[in-house]
Amino acid sequence: MSFLISFVTDVLAVPAVLLGLAAFVGLIAAKKSTSEVISGTLKSVLGFVILGAGAGVLVGALNNMGPLLEAGFGVKGVVPNNEAITAIAQKTLGSQTALIMIFGFLANILFARITPFKYIFLTGHHTFYMAALLSATLGTAGLEGWILIATGSLILGGLMVLMPALVSPYMDQVTGSSDIALGHFGTLGYWLSGTVGKLIGNKEDSLEKYQFPKSLSFFRDSLLSTSIVMLLIFLICAIAAGNEATLKLSGGQNMIVFSLLQALTFAGGVAVVLYGVRMILGEIVPAFKGISDKIVPNAKPALDCPITFPYAPTSVLVGFIVSFLGGVISMLIMGLVGLTVIVPGLIPHFFVGGTAGVIGNATGGKRGAIAGSFLNGILISFGAAFLLPTLGALGFQNTTYGDADFQVVGIIAGGVGNAMKGSAFGIAGVLLGLLAAVLIVGSLTNKSGKAGAAKKAA
Amino acid sequence: MKILAVCGMGLGSSLLLRMQIEAALKELGVTDFSVEVADISTAKAIDADLIVTSPQFAPMLTGKVPVITIINYVNKQEMRQKMGAAFGVLEGGGSV
């Protein structure tokens with residue numbers, strides 16, 4: 001009997017096994033063959049284990065970067081990287097994250113079914129990262145157990161339909177159709193960019209009249225560009241800190257060799273994390289899509305942001321560069337003011353900045369793209385800074401979330417948590433009340449939903 | 001036939017590609033295939049018979065393996081037509 005209890009407890013406590021169980025149930029419900037059930041279940045568990053291994057690798061490099069930055073510039077610094085912070089969060093919050101993610105998927109289907117926001121959020125890794133964020137901020141606020149899981153999953157499911165809905169008019173302008181929605185948690189930045197473009201831009205003056213040289217396309221290779229940027233960061237910090245200080249940290253290893261190895265260790269860790277996440281998603285997302293196809297068949301798929309890139313490749317690159325510039329300027333301001341410095345994260349500025357550029361260009365041409373992505377760059381830099389305290393102990397890990405929605409949701413959840421410390425039900429009540437209000441008001445004022453329904457009736 | 005779907009991080013777009021490829025091939029009645037997903041960094045190290053990706057990555061993947069470029073990831077017709085051509089299967093037995 002005690003064996004059974006320990007089995008159940010450990011299944012729930014070990015996220016790898018928990019996710020495997022969810023995959024197992026999902027695959028059986030989907031009537032897959034025995035070999036598919038076994039392979040799918042094992043792969044989900046394996047993916048989580050690999051993810052954990054990657055976390056170990058990159059934490060080592062991050063732990064060397066922090067002191068080096070401090071020795072060099074006298075400031076505490078943080079490099080936002082969603083993969084890194086999520087992998088780190090897994091170590092203490094793995095089960096909560098897994099449960100919030102699983103129930104978040106179900107909440108998405110529920111909301112798509114009962115509200116006019118018929119979107120199915122298929123960007124699995126963002127669902128995963130948001131689940132980790134929610135478990136971290138709500139956990140720091142004092143929620144635990146089923147309240148944590150319930151609050152987290154409802155908020156997650158709500159976000160999964162609300163964010164695509166928020167930018168759907170802009171997204172339709174980008175793609176020239178209304179078949180696809182944007183499912184990416186940088187939406188607040190995109191909405192900002194699209195709105196700025198609409199207000200001050202000129203749609204006809206599109207950036208796509210110009211073409212970028214092909215030699216810059218290597219930036220799309222994220223591991224390569226992460227390696228290069230981390231190498232530059234390490235080298236600059238090492239030079240600023242001076243040879244003596246660096247040798248102390250490196251245990252006597254040459255400054256340049258040390259920088260190279262640490263930078264590539266970080267990138268290597270990210271690569272391993274990505275491999276693990278990929279393996280998990282490969283099993284979970286198709287199952288999710290299969291279930292949602294049955295329950296909400298007319299839902300629009302909300303997809304990963306690179307979906308927008310083929311429509312405006314020049315805007316992607318311009319958006320990235322301008323957003324990154326916004327990040328650098330923000331960093332300098334933070335340094336001057338004495339805040340923890342947010343070193344511009346390459347991956348967030350590329351994906352979020354690039355998409356902001358595409359959307360800004362669609363609504364406001366050249367001016368929209370540039371103004372929109374610049375503002376986006378500033379948003380995700382200060383957003384990261386203000387997010388740090390709400391992550392609690394996780395905030396001191398030298399890395400954090402780089403995309404706008406993670407930051408804003410974290411700040412709101414953290415803010416409410418702080419204001420109502422000790423009252424778990426109160427916090428849950430306020431946050432869920434907010435969610436319900438947005439859903440209800442949004443449903444009542446939703447023009448696109450009504451237009452869609454009218455089209456179907458016609 | 002081993003197919004490799006490639007995108008930037010190997011997470012979002014390539015997984016979507018994989019689901020679309022599987023759906024399209026199922027409709028065409030093709031069963032002898034497997035689809036793997038990869039990011040652009042590791043794609044070249046993986047053995048495959050066919051690569052499917054977006055226009056931005058196609059130039060980086062040229063080599064001995066044929067590359068199919070998909071522009072609209074949710075356009076079922078484009079996917080069906082291009083996969084059909086690759087497998088030598090014509091849709092509905094009519095014109096492509």
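**Group meeting talk: a walk through a two-chain model**

Hi everyone, let's begin with one residue: A:Gly353 is buried, because 33 other C-beta atoms lie within 10 Å, and the cut-off for buried is 20 or more. Please keep in mind throughout that this is a predicted model.

Where does A:Gly353 sit? Its place is in helix H13 of chain A. Setting aside neighbours within four places in sequence, A:Gly353 has contacts that include A:Gly319, A:Phe320 and A:Val322, and also A:Ser373, A:Asn376 and A:Gly377. For a sense of distance, take A:Ala437, which is 84 residues away along the chain: the two C-alpha atoms are separated by 30 Å.

Now let's step back and look at chain A as a whole. You can find 16 helices and five strands in it. Its radius of gyration is 22 Å, close to the 23 Å that the globule rule gives for 458 residues, so chain A is as compact as a globular protein of that length. If you draw a box around its C-alpha atoms along the principal axes, you get roughly 70 × 70 × 45 Å. Of those 458 residues, 57% count as buried. And here is a number about the fold: among contacts in chain A with a separation of 6 or more, 81% are between residues 24 or more positions apart.

What about the inside? The largest nonpolar core has 180 residues, and A:Tyr119 and B:Ile21 are the ones with the most contacts inside it. Helix H13 of chain A, residues 346-387, supplies the largest share of this core, 19 residues.

Let's follow A:Tyr119 for a moment. Beyond four places in sequence, it touches several residues, among them A:Ala112, A:Val161, A:Pro164 and A:Ala181, as well as A:Lys300. A:Lys300 comes up again in the sheet, where it is the bridge partner of A:Tyr119 in S4(A).

So, the sheet itself. Which order do its strands take? This open sheet of three strands in chain A runs S2-S4-S3, with parallel pairing. Strand S2 (119-121) and strand S3 (181-182) are at the edges, each with a single partner strand, so one side of each is left without a neighbour in the sheet. Between S2(A) and strand S4, residues 300-303, there are three bridges in the parallel sense. As a reminder for anyone new to this, strands of a sheet pair through backbone hydrogen bonds, either parallel or antiparallel.

On to the second chain. Here 21 residues of chain B are in contact with 27 residues of chain A. On the chain B side, the elements giving two or more residues are helix H1 (13-28), strand S2 (34-39) and helix H2 (40-43). H1(B) gives the most, with four residues. That side of chain B divides into 13 nonpolar residues, seven polar and one charged.

Helix H3 of chain B, residues 76-87, has 12 residues; at 1.5 Å a residue it should span 16 Å, and its end C-alpha atoms are 16 Å apart, which agrees.

One last stop, back in chain A. Buried, exposed or partly exposed: which is A:Pro169? It is partly exposed, with 15 other C-beta atoms within 10 Å. A:Pro169 belongs to helix H7, residues 168-175. A:Trp191 is 22 residues from A:Pro169 in sequence, and their C-alpha atoms are 9.7 Å apart.

Notes: Residues are numbered from 1 along each chain as its sequence is written. Chains are lettered from A and ligands numbered from 1 in the order in which they are written. This is a predicted model: local features need pLDDT of at least 70, side-chain atom pairs count only at pLDDT 80 or more; totals for chains, interfaces and linings use all residues. The radius of gyration is taken over C-alpha atoms; the globule rule is 2.2 Å times the number of residues to the power 0.38. A residue is buried if 20 or more other C-beta atoms lie within 10 Å of its own, exposed if 12 or fewer, and partly exposed in between; C-beta atoms are placed from the backbone. Two residues are in contact if their C-beta atoms, placed from the backbone, lie within 7 Å. A nonpolar core is a set of buried Ala, Val, Leu, Ile, Met, Phe, Trp, Tyr and Cys residues joined through C-beta atoms within 7 Å. The expected span of a helix is 1.5 Å times one less than its number of residues. Two strands pair if DSSP finds at least two bridges between them. Ala, Val, Leu, Ile, Met, Phe, Trp, Tyr, Cys and Pro count as nonpolar, Asp, Glu, Lys and Arg as charged, and the others, Gly among them, as polar.
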